[in-house]
Amino acid sequence: MMHATHTPPEDWHENAYDLVRGIAAYSGSAVVAGIGMVIAKHRDADIANAFNYKQVGCKIWARDKLLESAGSAFDRIAVLGGWYGILAAMLFEDARFSIGAIDSYDIDPAVEEVARTLNSAHGDRFRAITADMYALDYRTIGADLIVNTSCEHIGDLKRWLELLPSGTRVLLQSNDYFSEPTHISCVSSLEEFQTRAGLAKLDFAGALPMKKYNRFMLIGTV
Ligand SMILES: C[S@@+](CC[C@H](N)C(=O)[O-])C[C@H]1O[C@@H](n2cnc3c(N)ncnc32)[C@H](O)[C@@H]1O
């Protein structure tokens, strides 16, 4: 007997959109629904890379250790080098936290609209802002937690940290993935990351081994 045949769409976006919308409906996840909207609306966004298994693993690790070492309540979190706003979306969705607002800053103007689409479920509790993290006035942005999981992408970690008012709580991630060309500032060990950051108070320092590299994280205050 002949089976009805279906010609699959050639464009990966259509396949991914169908699948992700199905997973969003099944799981009830606002993050997954947001990724579906990004696939439909921002065809140039590198969302498959940003939400791959390793990226998600690093961000789940960040959430868990943040909760353990800094508690669950934040009025306003600023994420620097926030890319497509995935960490913000994952923090909003995590019911263990009580978060007033999250601002995601990135120097690349192309990511602002994508981050907004991804976090559209959160209305004005989420803002995406195009800015160079070295050019911000950290006394006026009003954040009680500063997150930077893009430390491997910035030229001078110490110079950036010196812009933050002393006593500011920070969560920082870097890695030893030297072979990736956009990683201009990797560290070879957790100890090197600690030395470069020179935090005044350290609440957590750890390494998460991935297949090709290690991710390092520091939580503390400047
Ligand atoms: C590839 S992404 C993030 C990778 C990281 N593993 C993560 O998901 O957190 C790095 C981001 O840092 C941003 N970035 C680099 N230099 C910056 C700066 N001076 N100010 C703000 N954003 C910056 C880039 O535009 C990019 O979107």
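A polar contact here is a pair of N or O atoms within 3.5 Å; within protein, one atom must be able to donate a hydrogen and the other to accept it, and residues adjacent in sequence count only if both atoms are side-chain atoms. Helices (H or I, at least four residues) and strands (E, at least two) are DSSP runs, numbered from the N terminus.

Before you start: this is a predicted model, so local features need pLDDT of at least 70, side-chain atom pairs count only at pLDDT 80 or more, and totals for chains, interfaces and linings use all residues. Residues are numbered from 1 along each chain as its sequence is written, and side-chain values use heavy atoms, with hydrogens and water left out.

**Exercise 1. Describe helix 2, from its cap to its packing partners.**

Step 1: start at the N-terminal end, which Ser29 caps, with a side-chain oxygen 3.2 Å from the backbone nitrogen of Val31.

Step 2: check the length. Helix 2 runs over residues 30-41, 12 residues in total, and its first and last C-alpha are 16 Å apart, close to the 16 Å expected at 1.5 Å a residue. That expected span is 1.5 Å times one less than the number of residues.

Step 3: list what is buried (under 20% relative accessible area; exposed is over 50%, partly exposed in between; 1.4 Å probe, protein chains only).

Step 4: see what they pack against, with contact meaning heavy atoms within 4.5 Å.

**Exercise 2. Classify the ring pairs Trp61/Phe204 and Trp83/Tyr84.**

Step 1: set the rule. Rings of Phe, Tyr and Trp (its six-membered ring) pair if their centres lie within 6.5 Å; planes under 30 degrees apart are stacked, over 60 edge-to-face and the rest tilted. By this rule there are four aromatic pairs.

Step 2: Trp61 and Phe204 have ring centres 6.1 Å apart and planes at 80°, so this pair is edge-to-face. It joins distant parts of the chain: Trp61 sits in helix 4 (residues 53-70) and Phe204 in strand 6 (residues 201-209), 143 residues apart. Both Trp61 and Phe204 are buried.

Step 3: for Trp83 and Tyr84 the centres are 5.5 Å apart and the planes at 20°, so call that pair stacked. Trp83 is partly exposed, at 30% relative accessible area, while Tyr84 is buried at 8%.

**Exercise 3. Work out where His153 sits and what it touches.**

Step 1: His153 is in the loop between strand 4 (145-148) and helix 7, and is partly exposed, with a relative accessible area of 36%.

Step 2: find the neighbours. Not counting residues up to four places away in sequence, His153 touches Thr182, His183 and Ile184. Its side chain reaches the backbone oxygen of Thr182 at 3.3 Å.

Step 3: look back from His183, which lies in the loop between strand 5 (169-175) and helix 8 (190-197). His183 is buried, at 14% relative accessible area. Leaving aside its neighbours within four places in sequence, His183 is in contact with Glu152, His153, Asn175 and Tyr177.
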